[in-house]
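Dear colleague,

Please find below the structure that I am handing over to you. My notes on what was found in it follow directly after.

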Amino acid sequence: MATSTMQFKIYRYDPDKDNAPYMQDISIEVDDVTDRKLLDVLTKLKAKDDTLSYRRSCREGICGSDAMNINGKNGLACLTEIKDLKQPVVLRPLPGLPVIRDLIVDMTQFFKQYHSIKPYLINDTPPPERERLQSPEDREELNGLYECILCACCSTSCPSFWWNPDKFVGPAGLLNAYRFIADTRDQATNERLDDLEDPYRLFRCHSIMNCVDVCPKGLNPTEAIGKIKEMMVRRAV
Amino acid sequence: MLNRIVVGAGYGLKDWIAQRATALIMAVYTLILLVTLGALSPSSYEAWRAIFANGFMQFMTFLFFISLFYHVWIGMRDIWMDYVKPDGLRLMLEIATIAALVGYAGWAVKILWRL
């Protein structure tokens, strides 16, 4: 069984014990065949030192729990191939959010912004017996939007979200806002656009596309934000 | 009450469009200026003056400066909004920006029409 040693530099902070965060150097033996993803190695690291804390759940890029800053770029540990990583692998919590412990951040602000865009279908007409149908073309509009797993990789790589997390909705929230604006079954399009037409909520986005660069699902929040702006222009001129 | 986060001023689209429109005007003016300077290649003060004594060039140059100042206003306000947290200080900086840009606009008129 072929093994090799991997070097890690991991952000550690336990507010009950540490006065300040520090970077811990750790090395670990990895199996060249079975250890493929960063999460596999984190599991081994956790077995070696059980004080190391991080979130994880599905281990296949669906739940969005194990988002972290990997060698300076946000991503999901479970989708990151270890063979692509430069060593020592530097692991930090997602930037811009308060650290609870080690790689775990407080996502309250992120979800507050997500909830602010009313992430549910608004339709006051009586529901039909089975379901509200869409044409395949209308349904097509939701592709590239509904896949968001709310891992927060995008919003926490966005400087506008770092500076104004309390006022700027952020790329994840705006992508989801457009998901409902684009939905032909939703009747609150105007109210949604009114809510977003704001110097802080929407227009803090300066289209630098950090969000697109990091999205582990390959989504494009900048494009969705552009489409929201386009709809506002069409409505106004 | 004082610490409640208030957001929802309900503007921004007009400025976002204006930012793009003014950029376009500035790009067109840059082309006109480059073509004019290339065609006439003024080598003396008088030749240079003659270009800007032309009514069309005065109009376009003035339009360029107005576009530039409006563009700068939107950009500077963005910077203050991004980085300056105390509301009072931000308001002061925004007022100072407007004051400077209005002053520059008057100055541009004075230079262009030799008032």
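A salt bridge is counted when a side-chain nitrogen of Lys or Arg lies within 4 Å of a carboxyl oxygen of Asp or Glu. Side chains of opposite charge can pair when their charged atoms come close. In chain A, the side chains of A:Lys9 and A:Asp25 form such a bridge, at 2.9 Å from N to O. This pair connects distant parts of the chain, 16 residues apart: A:Lys9 is in strand 1 (residues 3–12) and A:Asp25 is in strand 2 (residues 22–31) of chain A. Over all chains, the structure holds 22 salt bridges.

Please note that this is a predicted model, in which local features need pLDDT of at least 70 and side-chain atom pairs count only at pLDDT 80 or more, while totals for chains, interfaces and linings use all residues. Residues are numbered from 1 along each chain as its sequence is written, chains are lettered from A and ligands numbered from 1 in the order in which they are written, and side-chain values use heavy atoms, with hydrogens and water left out. Helices (H or I, at least four residues) and strands (E, at least two) are DSSP runs, numbered from the N terminus.

I turn next to the interface. How many residues does each chain bring to the contact? Chain A gives 18 residues and chain B gives 17 residues, where contact means heavy atoms within 4.5 Å. The two chains bury about 1600 Å² between them, 60% of it on carbon and sulfur atoms; this area is the accessible area (1.4 Å probe) that two parts lose on being put together, summed over both. Two salt bridges cross the interface of chain A and chain B. One of them joins the side chains of A:Arg204 and B:Asp82, at 2.9 Å from N to O. On the side of chain A that touches chain B, helix 4 (159–163) and helix 8 (221–236) are the elements that give two or more residues. Helix 8 of chain A supplies the largest share, four residues.

A search of the whole structure also finds 10 aromatic pairs over all chains. Rings of Phe, Tyr and Trp (its six-membered ring) pair if their centres lie within 6.5 Å; planes under 30 degrees apart count as stacked, over 60 as edge-to-face and the rest as tilted. The rings of A:Trp163 and B:Tyr83 have centres 5.6 Å apart and planes at 55°, so this pair is tilted. A:Trp163 belongs to helix 4 of chain A and B:Tyr83 to helix 3 (residues 55–83) of chain B, so the pair joins two chains.

Two backbone details in chain A remain. A cis peptide bond, with omega about -5°, joins A:Gln87 and A:Pro88, and A:Pro88 is found in the loop between strand 4 (73–76) and strand 5 (89–92). A:Ala152 has a positive phi, near 75°, in a residue other than glycine.

Yours sincerely
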